Amino acid sequence: MFGKKRVAIVGAGLTLFRRNLKETGKELAYEASKMALDAAGMELSDIQSVVMGTAPDAFDGVHMKGEYLADGAGARNKPYVRVYVGGGTGVFTPLAGWWHVASGQFDTCLVVCEEKMSSCFPHPAYAFTTIFDNILARPLGTTLIWIFALEMHRYMHKHNIKKEQIARVAVKNKRNALDHPCAQLAANITVEDVLNSEIMCWPVQRLDISPTSDGAAALVLASEDVAKKVTDNPVWIDGVGWCIDSTIWTNRDLYYPDYVEYAARMAYKMAGIKNPPKEIDLAEPYDPFDYKELHHMEGLLLCRKGEAPKLTEEGVTARDGDLPICPSGGLLGVGNPIAAAGAMKVCEVFWQLRGEAGKRQVPGDPRTGVAQAWGDLMQYGSVIVLRR
Amino acid sequence: MSDVAIVGVGCVGFKSIMPELSYKELMFEAAVKAYEDAGGIDPRKDVDAFVTCAEDYWEGFSIFDEFVPDQLGAVLGHLFTVSGDGLLGLANAYMLIKTGHFDVVVVEAHSKASDILTFYDIVAFALDPIMVRPLGGNPYYIAGMEMHRYLAETGTTLEQCAEVVVKNKRNALANPYAAYGADITVDQVLDSETWFYPLKKLEVSPLSDGCIVMVLASERMAKKLTDKPVWVEGVGWATETPNLETRDWCRAIYTEIAADMAYKDAGITCPQREIDFVELSDLFAYKELQHLEALRLCRYGEAGMLLEDGVTTRDGDLPVNVSGGCLGMGYALEASGMQRLLEAVLQLRGEAEGRQIPDAEVGLAHTWRGIPTATGAVAVLSNIKE
Amino acid sequence: MSEKIKSYPGFRIKTADLREGKVPFEAWRPRVRYAWSAGIAMSRFLEELKNGRIIATYCNKCGRIMVPPRVFCEQCFKPVDGWKYVKDTGTINTYSVSFIAGDASRIKEPIIVAVIDIDGASPGMGILHKIGEINWKEVKFGMKVKAVWKPPEERVGSITDIKYFKPIREETL
């Protein structure tokens, strides 16, 4: 790539994802960071820069939360910055780590993503009431689930998709999560269970949704020179992409995530990917709701618009299918500590490409994987392409 | 040496309050000016990435990122938020361009501090929730504690600190972007209310509203967009520790680390000789002196004497905060570093009008994220490309 | 290394233990208050709502008539060219029915929420609002609706000056 610098992931770490964890946010950040360093066979003194990813301060209940978390993330006396793109943060933070190294500014970067949603008491959902426009939306009592239900419904209407088809995603991901040691909501459920679960905001039902969680994830990034010294099997960050759409989401057609497509095109161009379904061996699209996995598969150009439900029905997206989607169990199964959940997906692709995913390992010796996260007011996409 | 340049700047403000505009409209005006200044670029086509610098609780929104793209021309563009000062945004824009994948990157930072009704409560909300916050009180007591220790260890005097306020507010009189220019005396500062002993009321920068947008470009693009590129020769940034219990209460360690990094990047070995002027964080008056020392422009304890000797005045050998600093322009939250950077750019372009420093070639911009952080950033800029 | 790691860090605690105070915690209710400047576009929009009208802005370059109004066109990145009243009727673009409150607790009467594309504005220019005077099971995509305003003396210049939108029945068309 024009003599530009290549960046590798050389270690990953992850904590349990749970509704309430006893650890503070700093302690969670430390645990994930330490595990990632150990996995890379590196010490904190080998780390030249640190990037933090964490979503609303209102969860942890600390203003300037990035500053508060700094020592947990090993950033004491180091160049340290927090990047923040709402729900897209977990996949975006490794992108920021990428440019720390790809710029030649640093040889190593520790990427840490943390979320402690349970601190927002009595329910983390309160933090979401302040994400809306202060004049147009908050006075109506707008909630997070409202707006996603509006998007889901529009998507179903446009392509004539049945709820049964969407429910299959929840069934698949919760089942995949049975093999994930950190999973919060792994379960063996049926489509009927989803369809019979409590209606929250039609068409969204209880089992269509990922839980709120505490947790952290971390990655160690290194330049090509360093990576080749510390490991025989680095995983390369070959493409990065991100995109934001207009704030005024009520002026957009919600049936299709243009912002994900634009982010994916940016990343694929950098990675030289011309035919995504052929060249990508597995994907971890963001699935806080079951319909979002389908929506995002389409935005990632892994299939045509409206085609994702059919692929899911045919088993193509199962762990042993032709295009495994969310083999980790996704947010629906593993849990959704916002920024840490996105980073968990990058960890999963890393482990899958190294053949280290244990019971979750997808067959076929995968070489190229994609992780994606989504955020803000249904307007943000962040995409990373990893290659062995 | 460097291959990243600032090619456009736009500023609206700074004023103590700007109720006529929403934050979106404020940002739009600054962005339009910056794009015009950068050779009339079209943000819908010509910008490869956008960086916005904001903290949720300064804005009163969770995920403020949501409300930014439209007014910067970044709809379906590649925008992200740095939860930090504008200079940290600059550092990330700089790295993006250095990867070779990005040619034009926009950085935005703003303050709509007048929208905040409970400023000190929000600052207190940044304190450690277990160890510090429950103790209560106005969190700026932390500045009082640091100032006290700094004075005790370095021998810096109360008069020297007060002199910083006099100098910077006077400098601000010549800066149309400054909200708090004034001609006052050392006695007026010393006689002002004690807020956090030994810190006086007039030594605390008052808040201001405003927005700054800058356009950065790779060398290739910079030459197409402007005749007056200002080269980013080096950047550095660092966090010491958020723990009040274990931080250094005399020295600004975060600034030392950031400065060393930026100097190395810029190939500067003797900052005193190589830097013509400095814009640094004077959120509290003593901070100007402490930061000048941490930037290795003099030894600890010497900054007050340099000030007394007139070295740091506008016509001295090492002018400091010719813009008026935060004391003169107003504390603009995450836009504070951008104020410093803006002045450096205007000086290096020779566009600082009545406050122009003659023959300025190399300038330094510095920031600190304020109470309770120990995070700072430094940028070294030059109008000469070697 | 996923398969090589024997145990993952994290101590789970039960929500009930937290609520009952069996786990040490520090409680804090932040005092955060704001008074946001509404700005040029939204100030006018709110004043017009008080008058019982919905106002848009338009851009001569892309030709869009935009609701909610803005002072700059985000597509063309230029100031808008003027103001224009639009109708208080529209079409349901998408809708949902909320059975839970902000804290996920059940509510008695479900709330129908919708994106309503406003008549007189360009296609797809919607606003978020509620739907009333209809059973939620009867709401349809593409349904025509009309604003139900609060009486003039109760309007304060807020999006809630419109109580909700109600379906337009055939006979009133």
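Visitor: Which residue stands opposite C:Thr57 in strand 2 of chain C?

Guide: This is a predicted model. In it, C:Thr57 stands opposite C:Met66.

Visitor: What makes strand 1 and strand 2 of chain C a pair?

Guide: Pairing needs at least two bridges between the strands. Strand 1 (residues 54-58) and strand 2 of chain C are joined by two bridges and run antiparallel, so they meet the condition.

Visitor: Why do strand 2 and strand 5 of chain C stand at the edges?

Guide: The open sheet has three strands in the order 2-1-5, with antiparallel pairing. Strand 2 (65-66) and strand 5 (82-86) each have a single partner strand, so one side of each is left without a neighbour in the sheet.

Visitor: How do you know that strand 3 of chain A pairs with strand 3 of chain B?

Guide: The condition is again at least two bridges. Strand 3 of chain A and strand 3 (residues 79-82) of chain B have two bridges, in the antiparallel sense, so they count as paired. A:Val83 has B:Val82 as its bridge partner.

Visitor: What makes residues of domain 1 and domain 2 of chain B count as in contact, and how many are there?

Guide: Two residues are in contact if their C-beta atoms lie within 7 Å. By that test, 31 residues of domain 1 of chain B are in contact with 27 residues of domain 2 of chain B. On the domain 1 side, strand 1 of chain B gives the most, with eight residues. By class, that side has 19 nonpolar, eight polar and four charged residues.

Definitions and conventions
Residues numbered from 1 in each chain as written. Chains lettered and ligands numbered in written order. Predicted model: local features only at pLDDT ≥ 70, side-chain atom pairs only at ≥ 80, totals over all residues. Helix = DSSP H or I, 4+ residues; strand = E, 2+ residues; numbered from the N terminus. Nonpolar A, V, L, I, M, F, W, Y, C, P; charged D, E, K, R; others polar.
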